[in-house]
Amino acid sequence: MKISINRLKDYIPFDLSTKEIADLLTAGGLEVEGVTTYESVKGSLNGVVVGEVLSCEPHPNADKLSLTKVDLGNEIVPIVCGAPNVAKGQKVPVATVGAILYPSSGESFEIKKAKIRGEVSLGMICAEDELGLGAGHDGILVLDTDLPNGSPVGPLFDIKQTEVLEIGLTPNRADAASHLGVARDLKALLKKDLVLTDVDAFTIDNSDRIIEVSVADNEDCPRYSGLTLSNVKVAPSPKWLQDYLKAIGLEPINNVVDITNFILHDLGQPLHAFDADKIQGNKIEVKRMPSGTKFVTLDGKERELSGEELMICDESEGLCIAGTLGGLDSGVSEQTSTIFLESACFGTDVVRKGAQFHGIKTDASFRFERGTDPNMPVFALKMAALLIKELTGAVVSSPITDIYPDPVADFEIPVSYRHVDRLIGQEIGKERIKEILESLEIKVSNETESGFVAVVKPYRVDVTREADSIEEVLRIYGFESIPLKEDYQADFLAEHPEKDTNKLQYRVSEMLAGIGYSEIMTNSLTKSSYATQASFLDQEKDVVILNKLSEDLGVLRQSLLFTGLEVLAHNINRRQKDLKLFEFGTVYAKGSEGYDEGQRLSLFLTGNATRENWMQAVKAVTFTDLYAVVEALLTKLNISNQEVNVIETSPYLFGLELVVNKKPVGHIGLLSPEVGKLADVKQEVYFAELDWTRLTKLAKSQGKFQEISKFPEVRRDLSLVIDQEITFDQIKQLATTAGGKLLKRINVFDMYKGDKLEEGKKAYALSFYLQDNQQTLTDKVIDKTMGKLMQTFEKNAGALIRK
């Protein structure tokens, strides 16, 4: 939001610098994000002075140039001029050496000492367009002035300059969305009186054009005011009004529309001007229109009404979407001679819904959506009417219509002095508290020794509780005025999590990307047919979208599987068959007590692990390729002691369930062809889906580190013949228990199933790595440890040891 310093001074006279005002407002809660300078003429004609032509002779070396001598007050300088109308005795604008000019068209340029056709030129006698004052270029400007030579020419052209504050308005401070609103804060901060515009001169000239008004629902429109003005002459606005609008980033349109924009940004009260001759039946109706009604707005777009937005209508059609945007046909044009001026207070919800439905954001809707002052419409109407009369020669041709059946009462908030001191952190005195509140137009009533009632005007939509009132006191008193003490403590201190889930996700994403995986993001909406065709999904748990756009986007996903498979299918169909993908996403399910959401991490691996080249043969991806990634991921999160259970149910041909602390955290395996075909994927896909919510809870913020052992590692191999039902994970757990601290890791380097073994058996070739961090292992210790391992395998796994 842009606020002109010059206009602020009209409300609150002050002599502080713009930086001091910006710092003051920021400390008071209206953060000034930047300061810019508006100039009605760019550069403000700095370096351009009044000069008097003392002599004008033809250039000795050019037919169309003149050689002049010009008095600049403190010196007489030679200037070569090409204008046909330059003559002795003229007062002219001269751009001196070093001045920068911003012409009406083209790039800016600096005036430099020059030699033109052999003659020295120390400046430039300027035309209108060269100064950025217009388009004229027939000749130089001749000034009619008594100003002394060398005087700046800026005052001759009424050049306006103002600094503009860019305020980052927070959503709760709707009251400050205007120059008046900011001035109210300055009033309290500077302890000065507010100078309001006087509207006592407003009078009704006649009652020749009365327009009847009716409001269907006073909740949607608590207040509606309006009047008619006749003999309006629509024309460009005067320079002061155009400069005001340009300074705050608005483009002038015409005097009537510009006045409504001026009032909106000055008082925070949106207005709308209708061409009264286009109001059929001389009647305004504030109501809803049927769903599907076509309506063309000021931007030329035909819109279809939802039936929920509030409309300003005449006897037969809509004229305006209330509080949002006017209609194309009813707006003010050059032919308009009579206007109906609207000033209203609309409900925040109805304006917000209408603006969002149509995708419209205007300055008016911005304010109505947050809440406007219900006591402002008539004042704003009078101020606007006086300006329109002044600038267009209009007359007020109707009394003010003001439909306000249920005036909004002031808020009454009980406040305890004890609570003020407790929340602020120190006593600031009862008189100072009352002084601050009353400077913010918050009346103090029913005062007792222990407290009072704060009476808040309706325009302060953000002050509705005791804590809000205390915050008002504190922000004006000054946060920096409250000294911090070592023994300060809060009534409640939230526990900050030891780990940042966003950082954990970033770390894992970085790791996966580093080993060649690409991240995907898919739509949470998916096909309902997946749940009906896939046995591992429960159709009863589908979260169905009530206003679904299509059957393909009819339900929220229960798993990341199918949306990821659709990405695989898209790439495979374009001959990109070697894929490594991962996704962080949300899954949804309907539970017995409502809806459940959970964060998941999915991994997809398909195609070849290596590309074909002369150094190595093509190798297809395997289960172990994906399992290694999952293990690395768990290590990255410092999660240990994971267990696995074999699963051979849909969606997998075979797979493993990962368990930590006896609770599942995910599953990994080779997808069955039937599941892949549901998404049109016909090649083998290895898939893992991990419960990211649970993993982040299990993750440890720091891993444990130890010094690398100085003593050598020893490897011993064993071959075990075991039942096929026994998994490697079971063998690993037995080995970890039996090997103790000396067993650092275990690895399978070969596995055999075949006719050389009896039915139902398999053989594992295992490597065991032993190491002592304190000393070198002896053969006796190694043999004892291996013996214990073999005894454990034979006893607990029924293994046959091949020695």
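Modeller: Contact here means heavy atoms within 4.5 Å, and helices are DSSP runs (H or I, at least four residues) numbered from the N terminus. This is a predicted model, in which local features need pLDDT of at least 70 and side-chain atom pairs count only at pLDDT 80 or more, while totals for chains, interfaces and linings use all residues. Residues are numbered from 1 along each chain as its sequence is written, and side-chain values use heavy atoms, with hydrogens and water left out.

Biologist: Which residues in α7 meet α6?
Modeller: Helix α6 spans residues 348–358, and helix α7 spans residues 363–370. From α6 come Thr348, Val351, Arg352 and Ala355, and these meet, in α7, Ser365, Phe368, Glu369 and Arg370.

Biologist: What is the orientation of α6 and α7 to each other?
Modeller: The two helices pack at an angle of about 140 degrees with their axes 7 Å apart, the axes being lines fitted to C-alpha atoms over the stretch in contact, with angles from 0 to 180 degrees between N-to-C directions. Angles under 35 degrees count as roughly parallel, over 145 as roughly antiparallel, 65 to 115 as roughly perpendicular and the rest as oblique. The orientation of α6 and α7 is therefore oblique.

Biologist: How many residues has the largest nonpolar core?
Modeller: Such a core joins buried (under 20% relative accessible area, 1.4 Å probe, protein chains only) Ala, Val, Leu, Ile, Met, Phe, Trp, Tyr and Cys residues through side-chain atoms within 4.5 Å. Those with the most contacts inside the largest core include Leu165 and Ile263, and its residues number 77.

Biologist: Which helix gives the most to this core?
Modeller: Eight of the core's residues come from a helix spanning residues 377–392. The helix that gives the most is α8.

Notes: Buried < 20%, exposed > 50% of the residue type's maximum accessible area, 1.4 Å probe, protein only.
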